[in-house]
Amino acid sequence: MSTIDFKSLSQQLRKELAQVNNWRRIVRALSIAVYLFVFCWLMFVLFGGYLEWEDYSMMTQYIVLVFVGFVLLNSIFRRCLLKFREQENESMRHILSALFPSVRFDFTSQLDNRILSGNKLFNASFSDPALDATTYGCLEIQREEQTFYVADIGVSYGVMNKLALNSLTGYFVMIYRYVLRPLFASRLESSAHNFRGMFGWCRVETKLKGSIIILPDHLEQKVGYLAQNIQGLKKRHHARFIHLEDPDFEKYFAVYADDEVAARMLLTPALMRHIIRLREAFGHDMMLSFHKDIFYYAVSMPDGFLCLRQQALDNEHLLEQIYNDVNLSCHVADELRLN
């Protein structure tokens, strides 16, 4: 990290980052106008019939004019949003090329469903229609004979997705996800997701017979997360809660496994200390799982992993934050002494 001059790099990218920030502000202002209009229009459609209109023909004319104006506004909003995403991706390419010249990155490909089906961090089975995932970018890190993958993903799962598939409740879920949530979400595209952030995986030397899942302790209280995930694991693999007699570790995490002996052999006191330090280094909720010979990990980042955070866009701290997150994500397996 000492070999990188973040201040100099920030100066080189200042104009480009300023453009991204300007596009972000434009998109945010237009999104508020568009989604507020959609919400008001829905309220009018639902309850407008209860109002008394003195001149229905004049009201119809106004509605047509307003609707035409909305179509134009929405068209401008979509074009600005596309421009913002293109500008942001281009800036991230320049930043990643400067900070990590040996890392391959791709902002267009989508993860194979088989990768998401094996980790069991989000659901017991990716074939469940109530689970949906979108990839916003992926890194490929080659070190010696091993390859590590880290992606920026958004995942939707649980009760809300099942309600969205129901003909009766789907309409209200659509209003909540695509009209109300975008008004308050830190990123528009993240508003439909339960999880947005970093997701990585790599092969490890240790091969397990079953699965071990390590989740943030407070998620036990979330309906639709552990309730669905763990119940599915219990049915298929007889997974159960493992008490590890480590109060510091269990302050952060809850462990579920289908083989208690294998879980205790893997989660040694030294490894648990490394996991705690890694969680504190990221500063976000962290989820891990081991399935056969593959290690998976996910870290919640509502602003996105391979995105430009809106904080500190005008100084070198943004580049330092991106460097720290990507560098740490690329060395998770090493930090846990798994390879």
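**Core, rings and charges**

Modeller: Leaving aside residues up to four places away in sequence, F295 touches G200, W201, C202, V204, L288, S289, F290, V332, L336 and L338; a contact means heavy atoms within 4.5 Å. This is a predicted model, in which local features need pLDDT of at least 70, side-chain atom pairs count only at pLDDT 80 or more, and totals for chains, interfaces and linings use all residues. Residues are numbered from 1 along each chain as its sequence is written, and side-chain values use heavy atoms, with hydrogens and water left out.

Colleague: Which residues touch the most other members of the largest nonpolar core?

Modeller: They are I212, I214 and F295, in a core of 70 residues. Helix 3, residues 56-99, gives the most to this core, namely nine residues. A second, separate core has 18 residues, among them L116, L121, L215 and I294. A nonpolar core is a set of buried Ala, Val, Leu, Ile, Met, Phe, Trp, Tyr and Cys residues joined through side-chain atoms within 4.5 Å. Helices are DSSP runs of H or I with at least four residues, strands are runs of E with at least two, and both are numbered from the N terminus. By that rule the protein has twelve helices and nine strands.

Colleague: What share of the 339 residues do buried residues make up?

Modeller: Buried residues account for 47% of them. Buried means under 20% relative accessible area, exposed means over 50%, and partly exposed lies in between, with a 1.4 Å probe and protein chains only.

Colleague: Why is the pair of F37 and F70 called stacked?

Modeller: Rings of Phe, Tyr and Trp (its six-membered ring) pair if their centres lie within 6.5 Å; planes under 30 degrees apart count as stacked, over 60 as edge-to-face and the rest as tilted. The structure holds 13 aromatic pairs. In this one the centres are 4.4 Å apart and the planes stand at 15°, so the pair is stacked. F37 in helix 2 and F70 in helix 3 are 33 residues apart, and the pair links distant parts of the chain. F70 counts as buried because its relative accessibility is 15%.

Colleague: What makes the aromatic pair of F249 and F253 tilted, or how far apart are the planes?

Modeller: The centres are 5.2 Å apart and the planes are at 35°, which makes the pair tilted. F249 has 0% relative accessibility and so counts as buried; F253, at 3%, therefore counts as buried as well. Elsewhere, ring pairs link Y149, F199, W201 and Y296 into a cluster.

Colleague: Is E245 buried or exposed?

Modeller: E245 is exposed, because its relative accessible area is 52%. It lies in the loop between strand 6 (240-242) and helix 8 (247-252), and has a positive phi of about 55° although it is not a glycine. Most residues other than glycine have a negative phi. K292 also has a positive phi, near 60°, and lies in the loop between strand 8 (286-291) and strand 9 (294-300). With a relative accessible area of 43%, K292 is therefore partly exposed.

Colleague: How do you know that R85 forms a salt bridge with E189?

Modeller: A salt bridge is a side-chain nitrogen of Lys or Arg within 4 Å of a carboxyl oxygen of Asp or Glu. The closest N and O atoms of R85 and E189 are 3.8 Å apart, and the count under this rule comes to eleven salt bridges. R85 lies in helix 3 and E189 in the loop between helix 6 and strand 4 (195-203), so the pair ties together parts that are 104 residues apart in sequence. R85 is partly exposed because its relative accessibility is 34%, whereas E189, at 15%, is buried.

Colleague: With which residue does R196 form a salt bridge at 2.9 Å?

Modeller: The partner is D152. The pair links distant parts of the chain, 44 residues apart: R196 in strand 4 and D152 in strand 3, residues 146-156. R196 has 4% relative accessibility and so counts as buried; D152, at 0%, therefore counts as buried too. R196 also forms a salt bridge with E189, whose closest N and O atoms are 3.5 Å apart. Salt bridges that share partners join R85, E88, D152, R187, E189 and R196 into one network.
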